[in-house]
Amino acid sequence: MKPITSALSHFAQAVAALMMALMFLTFIVQITVRYSARLAWLPAQFPFLDPSLYGWTLEFCLLLWVWLIFWGNAFMVRERDHVTFDILFLSVRPAVRRWFIIISGLAISIGLLASIEPTWSKFYILRLKKTATLSSVFGDWIRMRDIYAIYIFFLIAVSLRYGWSVYRAIRYGVADIEADAVGDADR
């Protein structure tokens with residue numbers, strides 16, 4: 001199981017790194033075009049530097065940003081990386097902590113899973129809406145629903161993660177979960 005989770009973790013990190021690299025390259029293109037636009041002779045000499053061809057860069061960076069946020073939070077950010085207010089959690093006995101994990105994990109998991117259908121229903125209208133400028137680069141197939149579809153993956157992934165923590169709390173208790181969190185922190 002460890003090799004599979006490690007491979008999936010590396011894949012998620014590689015996808016996030018690719019998105020960051022694309023964002024950075026798009027940003028460099030934006031800077032190049034912005035400063036070359038002041039030189040009237042440059043677009044005449046090199047037509048690919050015409051500033052009117054690069055309106056898509058802002059929308060592409062926004063698309064990557066939305067995907068990067070939800071991708072990272074769904075597949076890369078660990079529970080211990082979140083800011084938590086756990087004074088009450090740490091002040092009770094392990095048996096009560098276990099129930100805290102089970103109840104809160106089930107509530108989060110069920111809530112996120114229950115929100116998938118209403119969210120997808122709201123996204124249904126977005127299948128008709130085209131992006132403002134990305135069609136000039138990617139064609140007419142990309143729709144606003146495609147841009148925000150990562151949110152559905154986020155809902156599913158986070159729900160499964162909390163479901164897994166509930167399973168582990170039921171099966172192994174709190175001590176093993178806390179030991180794993182400490183062991184992960186040492187790595």
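This is a predicted model: local features need pLDDT of at least 70, side-chain atom pairs count only at pLDDT 80 or more; totals for chains, interfaces and linings use all residues.

Trainee: In which helix is confidence lowest?
Mentor: Start at the other end of the scale. Confidence is highest in helix H5, residues 94-114, at a mean of 95. The lowest mean is 53, and it belongs to residues 174-186, helix H10.

Trainee: Which element gives the most residues to the lining of the second largest pocket?
Mentor: This pocket holds about 200 Å³ of space. Its lining includes Phe60, Leu63, Leu64 and Trp67, along with Phe138 and Trp141. Two elements give two or more residues each: helix H3 (56-75) and helix H8 (144-148). The most, 4 residues, come from H3.

Trainee: How many residues of that lining are charged?
Mentor: Sort the lining by residue type. There are 8 nonpolar residues and no polar ones. Asp146 is among the lining residues, and Asp counts as charged. The charged total is 1.

Trainee: Which element gives the largest share of the largest nonpolar core?
Mentor: This core has 27 residues, and those with the most contacts inside it are Leu63, Leu64, Trp71, Leu134 and Leu155. Helices H1, H3, H6, H8 and H9 each give two or more residues. The largest share is 7 residues, and it comes from H3.

Trainee: How many residues are in the second, separate core?
Mentor: Some of its members can be named. They include Ile101, Ile102, Ala169 and Val174. The size of this second core is 5 residues.

Trainee: With which residues is Leu63 in contact, leaving aside neighbours within four places in sequence?
Mentor: Leu63 lines the second largest pocket. Leu63 is also listed with the residues that have the most contacts inside the largest core. Its contacts, those close neighbours aside, are Leu134, Ile142 and Ile147.

Trainee: How far apart are the C-alpha atoms of Trp65 and Met20?
Mentor: Trp65 is in helix H3. Trp65 is partly exposed, at 44% relative accessible area. Along the chain, Trp65 and Met20 are 45 residues apart. Their C-alpha atoms are separated by 8.4 Å.

Trainee: And how far apart are the C-alpha atoms of Ser104 and Phe46?
Mentor: Ser104 lies in helix H5. Its relative accessible area is 37%, which makes Ser104 partly exposed. Ser104 and Phe46 are 58 residues apart along the chain. Between their C-alpha atoms the separation is 59 Å.

Trainee: Last one: is Leu25 buried, partly exposed or exposed?
Mentor: Leu25 is found in helix H1. From Leu25 to Leu42 is 17 residues in sequence and 21 Å in space, C-alpha to C-alpha. The relative accessible area of Leu25 is 52%, and the cut-off is over 50%, so Leu25 is exposed.

Definitions and conventions: Residues are numbered from 1 along each chain as its sequence is written. Side-chain values use heavy atoms; hydrogens and water are left out. pLDDT is the predictor's confidence in each residue, from 0 to 100. On a 1 Å grid over the protein atoms alone, a cavity is a set of points where a 1.4 Å probe fits but cannot get out, and a pocket is an open set with protein on both sides within 12 Å along at least five of seven lines; lining residues have an atom within 4 Å of a point. Grid points are joined across faces, edges and corners, and a volume is the space filled by probe spheres set on the points. A nonpolar core is a set of buried Ala, Val, Leu, Ile, Met, Phe, Trp, Tyr and Cys residues joined through side-chain atoms within 4.5 Å. Buried means under 20% relative accessible area, exposed over 50%, partly exposed in between (1.4 Å probe, protein chains only). Contact means heavy atoms within 4.5 Å.
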